[in-house]
Amino acid sequence: MVKGITRRVIVVRSPDPQYFEQAIFLLREGTAEDGVSAQQVLQQAGEVARRYLKRSAPAARRFAWLRRRECWLGFLAGMGVMAAVCLTVWSVL
């Protein structure tokens, strides 16, 4: 047991507790005296948690762009152009 040390903490509960129940942030000394509001501290904690999850996301989330419709429409349009070019070249030969 450590005596004489007090730390201020923020506990952020997860809205979807599939993996994490809560995140605990330790406030720096003097944060309360700097004129920072509680809302600003909570926003900063939420942003840190979001950045961490985004950076350490599984591979399925990293390739989420492949599920977008525009990606596949562009792919199909490119295939159509290539097919037209190939047919044109073959008809000339």
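## Helix α1

The model is predicted, so local features need pLDDT of at least 70 and side-chain atom pairs count only at pLDDT 80 or more, while totals for chains, interfaces and linings use all residues. Residues are numbered from 1 along each chain as its sequence is written, and side-chain values use heavy atoms, leaving out hydrogens and water.

The buried residues of α1 are Val 41, Ala 45 and Gly 46. Viewed down the helix axis, the buried residues fall within an arc of 135° (taken from the directions from the axis to the C-beta atoms), so they line one face of α1. Among the elements covering these buried residues are β1 (9-13) and β2 (22-26).

## Overall layout

The protein has three helices and two strands, where helices (H or I, at least four residues) and strands (E, at least two) are DSSP runs numbered from the N terminus. Along the sequence, these elements follow the pattern β-β-α-α-α.

Of the 93 residues in the protein, 8% are buried. The accessible surface comes to about 8800 Å² (Shrake-Rupley method, 1.4 Å probe; for residues, only the protein chains shown count as cover), and carbon and sulfur atoms hold 62% of this surface. Among contacts (heavy atoms within 4.5 Å) with a separation of 6 or more, 15% join residues 24 or more positions apart.

Side chains of opposite charge can pair when their charged atoms come close. The protein has one salt bridge (a side-chain nitrogen of Lys or Arg within 4 Å of a carboxyl oxygen of Asp or Glu), going by the count. Glu 47 pairs with Arg 51, and their closest N and O atoms are 3.6 Å apart.

Both residues belong to helix α1, where four residues, about one turn of the helix, separate Glu 47 from Arg 51. Glu 47 is partly exposed because its relative accessibility is 34%. Arg 51 is also partly exposed, at a relative accessible area of 46%.

## The nonpolar surface patch

Val 81, Val 85, Leu 87, Val 89, Trp 90 and Leu 93 make up a nonpolar patch on the surface, and together they have about 690 Å² of accessible area. Patches consist of residues with over 30% relative accessible area and no salt bridge; like charges are joined within 9 Å, nonpolar side chains (Val, Leu, Ile, Met, Phe, Trp, Tyr) within 5 Å.

Val 89 lies in helix α3, which covers residues 69-92. Its relative accessibility is 45%, so Val 89 counts as partly exposed.

## The loop between the strands

Ser 14 is in the loop between β1 and β2. At 27% relative accessibility, this serine is partly exposed. Leaving aside residues up to four places away in sequence, Ser 14 touches Phe 20, Glu 21 and Gln 22.

Notes
Buried means under 20% relative accessible area, exposed over 50%, partly exposed in between (1.4 Å probe, protein chains only).
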